[in-house]
Every structure is written in structure tokens, then in C-alpha cells.
Amino acid sequence: MKYAFIKEHQNEYPIKLMCKILGVSRSGYYKFIKSLNNEKRSKTNELVSKIKDIYIKSKGRYGAPRIYHQLRNEGIKCNHNKDPILH
């Protein structure tokens with residue numbers, strides 16, 4: 001909770017100061033940030049794998065729009081405008 005607060009306000013206040021006031025270590029904060037990045041990377045890898053599966057199953061016939069719609073039909077939230085994977 002404290003780390004999330006620091007991340008949310010990192011552009012307003014110095015991280016060092018917020019860590020000191022909230023009584024947390026900076027190294028702990030940076031470990032928290034690293035874990036968020038690892039989680040995001042893991043989700044991206046899962047999405048890439050799913051995209052490859054759809055492409056292979058369609059025998060290379062599906063392009064970005066069809067893959068996007070297939071993912072959405074399977075309940076996977078993604079954004080075809082943001083993900084460079086689909087372009």
C-alpha cells in the first residue's frame with residue numbers, strides 16, 4: 001500500500017523523502033517496482049504466446065484484426081491500437 005502510494009506520487013515528491021516519511025526502505029520500493037515490471041512482462045509473454053497460437057491455428061490466414069477479435073471472444077482483454085505485437 002505504501003509502495004503503491006509512492007509510485008502514484010513519484011512525479012510530485014522525491015522518492016527518497018516519501019520512503020523516509022512512510023518508514024519504508026528505498027530498496028524495498030525498488031523491489032516492488034521490479035516485481036510489477038516482471039508481472040507485466042509475464043502477462044505480455046502470455047499474450048504473445050496466445051497470439052502465436054491463434055496465428056498458427058489459422059494457418060497464417062488471420063491478421064491483426066481477426067487475431068484481436070479472437071482474443072476478445074476468448075475473454076482476453078487487449079488493445080489492438082497499443083500492442084505493437086498485433087501490427
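Let's start with a definition: a residue is buried when its relative accessible area is under 20%, exposed when over 50%, and partly exposed in between (1.4 Å probe, protein chains only). The model is predicted, so local features need pLDDT of at least 70, side-chain atom pairs count only at pLDDT 80 or more, and totals for chains, interfaces and linings use all residues. Residues are numbered from 1 along each chain as its sequence is written, and side-chain values use heavy atoms, with hydrogens and water left out.

**Exercise 1.** Work out which residues of helix α2 are buried and which are exposed.

*Solution.*
- Step 1: find α2, which is residues 15-22. Helices are DSSP runs (H or I, at least four residues), numbered from the N terminus.
- Step 2: pick out the buried ones, namely Ile15, Met18 and Cys19. They sit on the same side of α2, because their arc around the axis is only 100° (the arc is that of the directions from the helix axis to the C-beta atoms).
- Step 3: turn to the other side of α2, where Lys16, Lys20 and Ile21 are exposed.
- Step 4: recall the geometry. An α-helix has 3.6 residues a turn, so residues three or four places apart point the same way.

**Exercise 2.** Find what covers the buried residues of α2, and say what follows the helix.

*Solution.*
- Step 1: look for the cover, which includes α1 (2-8) and α3 (26-57). Contact here means heavy atoms within 4.5 Å.
- Step 2: move along to Gly23, which follows α2 and has a positive phi, near 75°.

Terms used
Helix = DSSP H or I, 4+ residues; strand = E, 2+ residues; numbered from the N terminus.
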